[in-house]
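Open the model in your viewer and follow along, one selection at a time. Each stop says what to pick and what is there.

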Amino acid sequence: MNPSLEKPSPRYQVVIVGGGPSGLLLGSLLHGAGIDALIVEARSPDYVLGRIRAGVLEQGTVDVLTQAGVDARLRAEGLPHDGFALCVDGEVLRIDLNGLTGGKTVTVYGQTEVTRDLMDQRSRFGAASIYEAADVAIGDIDTPHPFVTFVKDGVTHRVSCDIVVGCDGFHGVSRRTVADKGLNTFERTYPFGWLGILADVPPCSHELIYVAHKRGFALCSMRSPHRSRYYIQCDLSDDVRNWSDDRFWDELRRRVGPAVADDVVTGPSIEKSIAPLRSFVAEPLCFGRLFLVGDAAHIVPPTGAKGLNLAVSDVHYLGSALREFFLERSSTGIDHYSARALDRIWKAERFSWSMTTLLHRFDSYTPFEQRMQRAEFALLQSSQAARAVMAENYVGLPL
Ligand code: FAD
Ligand code: DHB
């Protein structure tokens, strides 16, 4: 069916493009402040919930989820972690997060669960969301009355608002909308990917283990005491169809070494996928009445678990700026959003890049660069100050 003529829709104070974790969390914070926001999402709820991604939440992320009132299940089911292990060429070093940061921890709780909690809360609130919206477009961002158009069930809708927030991930429309409006981008790609597997087997260790091995990186993580998440570094050109479950478990066991391999419980995978690694930042994050948030504005390689946490800190900054804008009629917060968020974004980019560089096998590395990797690990082994810097970044810099 051809889209019919535009259908006038109710006006909203905010239209949020993208209903992933950033969009849903911002929607929740705005609802709590009495600011009405519409979420426009390209996919179905099941599709959004089916993406297996992040697993580690910083304390600041837990605090923002608490402020949003979606912490009940997280507190009941989330697993607090006091530390994690680095295993480099067979040598193990524990990073004591709790001891090195004056009592801070991280919480293992899947992004899927965070998203489900936010979706459930949104339906309880009866707040408006449009799923499976096609051809989403954003206009008039240089005026006080921007709009968003989309096609739903063959009908084109046009929604006017005061503010548009782009929470639509790396491949969304928001950043594209401002590509020729003075957007600067900074990028590094890495010559490998992560092959991830989810399986209903107990984790091999009660803490996460990051492994650097001559065959490549591996990560032992989890979602619950009965569900494990493992990753191994793979070629960018590789295909999941080349990886039977048996091949994956064999390769993982080789990389983690004999002591840990004995504790790896294998079982059928319930999800298997390959993700490329990328560092990316777009600047600035504000274009007139359009604001970029989360993966729409920046990507980190997953080593160190910063992506979702960074999206949450953007939401925290923009949420308070929008409260000031709508409730106190002050634009100070939104004027400073971009600089404030970028300051934290660049520090998380640095940390994720340094963890990636420390722990992966780079085929192009010269012997000098290989020695630098070893020296970096040796410094961590010998210097509490170096471990404290790693721990401080891992638990999350202050919001
Ligand atoms: P997204 O989750 O990408 O959501 C964007 C939403 O916008 C999607 O629902 C999409 O369908 C929708 N959308 C796209 N285009 C449009 C459009 N044109 N119109 C409307 N809607 C649109 N982070 C961590 O913090 N810790 C981890 O342990 C971690 N592990 C990871 C492991 C892997 C394998 C991967 C791939 C990522 C990991 N991340 C991790 C990163 C984390 O998943 C992302 O940073 C997070 O999903 C960002 O949330 P977001 O809402 O900004 O973007
Ligand atoms: C997970 C992913 C990460 O990138 C990480 O550093 C830790 C855990 C995970 O998916 O469990």
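Start with the shell around ligand 1, and colour its residues by class. That shell divides into 13 nonpolar, 10 polar and seven charged residues. The model you are looking at is predicted. In it, 30 residues surround ligand 1. Pick out the closest: Ser22, Glu41, Arg51, Gln111 and Leu308.

Now zoom in on the polar atoms. Select serine 22. An N or O atom in the side chain of serine 22 is 2.6 Å from an oxygen atom of ligand 1. Next, select glutamine 111. One polar atom of the glutamine 111 side chain lies 2.7 Å from an oxygen atom of ligand 1. Then move to glycine 307, where the backbone does the work of the contact: a backbone N or O atom there lies 3.2 Å from an oxygen atom of ligand 1.

Switch to a surface view. How much of ligand 1 does the protein bury? Taken alone, ligand 1 exposes 1000 Å², and the protein buries 87% of that. Return to the cartoon and colour two elements, helix 1 (21-32) and helix 9 (307-327). These are the elements that give two or more residues to the shell around ligand 1. Helix 9 contributes the largest share, three residues.

Stay on helix 9 for one more stop. Select histidine 316, which is found in this helix. Which residues does histidine 316 touch, leaving aside those up to four places away in sequence? They are Val64, Gln67 and Leu399. Histidine 316 and threonine 61 are 255 residues apart in sequence, yet their C-alpha atoms are 9.0 Å apart in space.

Zoom out to the whole chain. Domain 1 takes in 11-80, 108-187 and 278-356. Domain 2 takes in 191-277 and 365-395. The C-alpha centres of the two domains lie 29 Å apart. Now select the contacts between them. Here 21 residues of domain 1 are in contact with 19 residues of domain 2. An interface is often sized by the accessible area lost when the parts come together. For domain 1 and domain 2, the buried area is about 1600 Å², with 68% of it on carbon and sulfur atoms.

Next, select ligand 2. Which domains supply its shell? Domain 1 and domain 2 each give at least three residues to the shell around ligand 2. There are 14 residues around this ligand, and Tyr210, Ser221, Arg223, Tyr231 and Pro302 come nearest. By class, the shell has eight nonpolar, three polar and three charged residues.

Show the polar atoms again. A polar side-chain atom of tyrosine 231 lies 2.6 Å from an oxygen atom of ligand 2. Glycine 304 has a polar backbone atom 3.1 Å from an oxygen atom of ligand 2. Arginine 53 has a backbone N or O atom 3.4 Å from an oxygen atom of ligand 2. On its own, ligand 2 has 300 Å² of accessible area, and the protein covers 96% of it.

Strand 16 (218-224) and strand 17 (227-234) each supply at least two residues of the shell around ligand 2. Strand 16 gives the most, with three residues.

Most residues other than glycine have a negative phi, and most peptide bonds are trans. Select glutamate 283 and proline 284. The peptide bond from glutamate 283 to proline 284 is cis, with omega near -10°. Proline 284 is found in the loop between strand 18 (269-283) and strand 19 (286-287). Last, select aspartate 140. Its phi is near 55°, a positive value in a residue other than glycine. Look for aspartate 140 in the loop between strand 10 (134-139) and strand 11 (147-152).

Key
Residues numbered from 1 in each chain as written. Chains lettered and ligands numbered in written order. Predicted model: local features only at pLDDT ≥ 70, side-chain atom pairs only at ≥ 80, totals over all residues. Heavy atoms only, no water. Near = heavy atom within 4 Å. Polar contact = N/O pair within 3.5 Å; in protein donor to acceptor, adjacent residues only side chain to side chain. Areas by Shrake-Rupley, 256 points an atom, 1.4 Å probe, with all protein chains shown as cover. Helix = DSSP H or I, 4+ residues; strand = E, 2+ residues; numbered from the N terminus. Nonpolar A, V, L, I, M, F, W, Y, C, P; charged D, E, K, R; others polar. Domains from an automatic or database assignment. Contact = heavy atoms within 4.5 Å. Buried area = accessible area lost by both parts, 1.4 Å probe.
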